[in-house]
Amino acid sequence: MNNKPKLVVVGNGMAGIRTLEELLAIAPDMYDITVFGNEPHPNYNRILLSPVLAGEQEFKDIVLNPLAWYDDAGIHLRMGCAVTKIDRVRRLVIADDGSSTPYDRLLLATGSTPFILPVPGKDLKGVISYRDIRDTETMIETARVKRHAVVIGGGLLGLEAANGLKLRGMDVSVVHLADWLLERQLDTTAGQLLQRSLEQRGLRFMLGRTTAEIVGNEAGEVAAVRFKDGETIPAELVVMAVGIRPNTSLAEAAGIYCNRGIVVSDALQTYDPRIYAVGECVSHRGVAYGLVAPLFEQAKVCANHLAQMGIGRYQGSVLSTKLKVTGIDLFSAGDFMGGEQSEEIVLSDPAGGVYKKLVIKDDQLVGACLYGDTTDGAWYFKLLKEGRKLGDLRDHIMFGESSVGDGGVQGQSRANTMQDSDEVCGCNGVCKGTIVKAIKDKGLFTVDEVKKHTKAASSCGSCTGLVEQILLSTVGSSFQETPKTKAVCGCTDRNHGEVRKAIRDHKLLTHKDTYAFLEWRTPNGCATCRPAINYYLLSTWPHEALDDPQSRFINERAHANIQKDGTFSVIPQMKGGVTNASELRRIADVADKYAIPMMKVTGGQRIDLLGVKKEDLVNVWSDLGMNSGHAYGKSIRTVKTCVGIEFCRFGTQNSTQMGIDLETMLANMWSPHKVKLAVSGCPRNCAEAGIKDVGVVAVDSGWELSIGGNGGIKTEVAQFLVKVKTPEEVKEYTGAFLQLYREEAYYLDRTVHYVARVGLEYIRQKVVADAANRKALYERLLYSLAGLPDPWTARIKGAQQREFIPLKVVA
């Protein structure tokens, strides 16, 4: 007999099920749990209904807790079964099928109901709200047979509905009572920029308009919308997206105190101590929350009390809003409208699709509104929550976190500079340290695995890029990316293959040309797509395409590896791992002169000078008098060698010279990801050629070449490509393969991922079987590398002099 206390949850949505997830994590066997849900579905991510409407995802893609999860957790799920009454005296819930279920503890997570304008015609067929998957499916079906749609409401849901219907072929008009879109999340300027961008996509806006009547036809179907001023527009579908109200009807009928929501304490307990409530149905300290982050904070505290720990308190939420409206990034937090007692710093570039407004009061950041570029939204929100005095930070706060330190504009750099306590996922309250710990403890290699174990990036998805970069910085080359059949980023619907093809077929030579031709949503791209576009341009049109250093990762811009304390690692080139007394003396002199705290021999047979200050970099390079070792870039890194026939009694060929020749040939080569080579002088393979991107092993009769190897946490053994006789053939076959990789791989794909995607036989056909194609590839590689300057030498001569110089804000 089961003697566990009984917990009944009314509501199978995100707040209620998140509470159960938190409860099962700390007290997995405490309750016998029953969940009632009105819908005939398991818990799904309502935030992602918009991609389903737009055709970007299917319903199965947004299910958060499949049926197997309920079974595994021992939860009795009553799908498609609504609770109609709570009997608090007998502690029973009565469902619409007549069944009664007893409870010892009851959790109400009844959510909210959409507000329907009380206008004539609101009950006509074709007038719907936008709240659940059923509404979404109705819109999809209607778009197949109808043409005119009217969306009433210019908030987030309304705009997402309008965009999805437009993508499905409908003519869409958005009616909004306010004078600008998203008036609760954006100021006037940002709202107008958003409107302009959406109008370019074919949406029509009617602002400051009041709906007077929805007009029907003889069949009882919607036919038009009439406004207060008398104007009428055609409508075969009307979507109401004008707000929500806490769903309190069940609680009120049971005599539970409600006031603009089910009133709860800091323990998420109602006035009945056996009944708790979380989510959009709740009123806490007079506030009802509609965003997912506060709901999940409530879930954590509520679970703590259901587990009888009694130590959690929900004290309300400090809100920020990070949205992605039809691919356009938006962020706001705090008092972003400003006022008489505050100051504003504004950066406005309407043509570039970027607008930033920071509100400062008493030397503290009190509000922020960002449009187009929200990279620093989390940093601004952190400053706002901390309430720290800005001081000298005020001069360059507008230019983001990268202008304070050397974090750079890219996600990877920001991931490295974040503290473990810094929040990554605002929806789920997940900090960097939680993600890193899960990656290390559970051996995670993909973003999907991180989502599953931490919930980061599993709600709105806006932090996915940052999660990806934390994963990349934690596991290095073992990181497994999401397949690049998906869009490059939120700026476009095109995937990497389509972008590469367009740049090649239409000879696009600049970022500006590329974004314009491919109809990028943000004219200047974002931190995700800019490095990829920069590489595709340079690799497709060498000596013609325009390199944009600011579109590179921070390490490639600085030509050195940034360390966790803000100093840099400098690794000079030593071809094949060979050096001489003169180079060693210069390295020692530099170490003494600049008080470099550590020198270390690397696994790639180089010497690493660690702890170099940023301001010393150019002088260090100049005093070394050596070329860059490219240990920082998506480029050729090293060619590791053994001593070979010159000294080793087992050597069969001159592996050292072969390595030097390969490194000389490949000097300054940029690539989709880092490239490492090794040359061993005999099958004993002392240079570890079997786990390199290109591995060369000498045998008595020549050389054996293998490709697609990878060291790191998840080791990949290189696959045999070909056996050749001469050093010149080694260079030709190696160069041809690397050029094929450079031309066809997607940005941030290692050779192992490229080989896995196209297949080894494809590469053998292109490089081994087709001699003419091999020679053509080899010649294109040599042409692309011809005359490229050493980046350290170029910097010594004055290139990129303004790198890292912060701009001053002039009052």
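Buried means under 20% relative accessible area, exposed over 50%, and partly exposed in between, computed with a 1.4 Å probe on protein chains only. This is a predicted model, in which local features need pLDDT of at least 70 and side-chain atom pairs count only at pLDDT 80 or more, while totals for chains, interfaces and linings use all residues. Residues are numbered from 1 along each chain as its sequence is written, and side-chain values use heavy atoms, with hydrogens and water left out.

Select S671 to begin. S671 is buried, at a relative accessible area of 1%. Its side chain reaches the backbone nitrogen of S635 at 3.4 Å. Show the surroundings of S671: leaving aside residues up to four places away in sequence, S671 touches Y535, K634, S635, I636, Y741 and R742 (contact means heavy atoms within 4.5 Å).

Next, select K455 and E21. They form a salt bridge, with the closest N and O atoms 2.9 Å apart (a side-chain nitrogen of Lys or Arg within 4 Å of a carboxyl oxygen of Asp or Glu). K455 counts as partly exposed at 21% relative accessibility, whereas E21 counts as buried at 18%.

Then move to D266 and R285, a salt bridge whose closest N and O atoms are 2.7 Å apart. D266 is buried, at 17% relative accessibility.

Now select D693 and R750. Their salt bridge has its closest N and O atoms 3.0 Å apart, and both residues are buried.

To finish, select R204, R209, D229 and E231, which are linked in a network of salt bridges. The structure holds 40 salt bridges.

Technical notes: A polar contact is a pair of N or O atoms within 3.5 Å; within protein, one must be able to donate a hydrogen and the other to accept it, and residues adjacent in sequence count only if both atoms are side-chain atoms.
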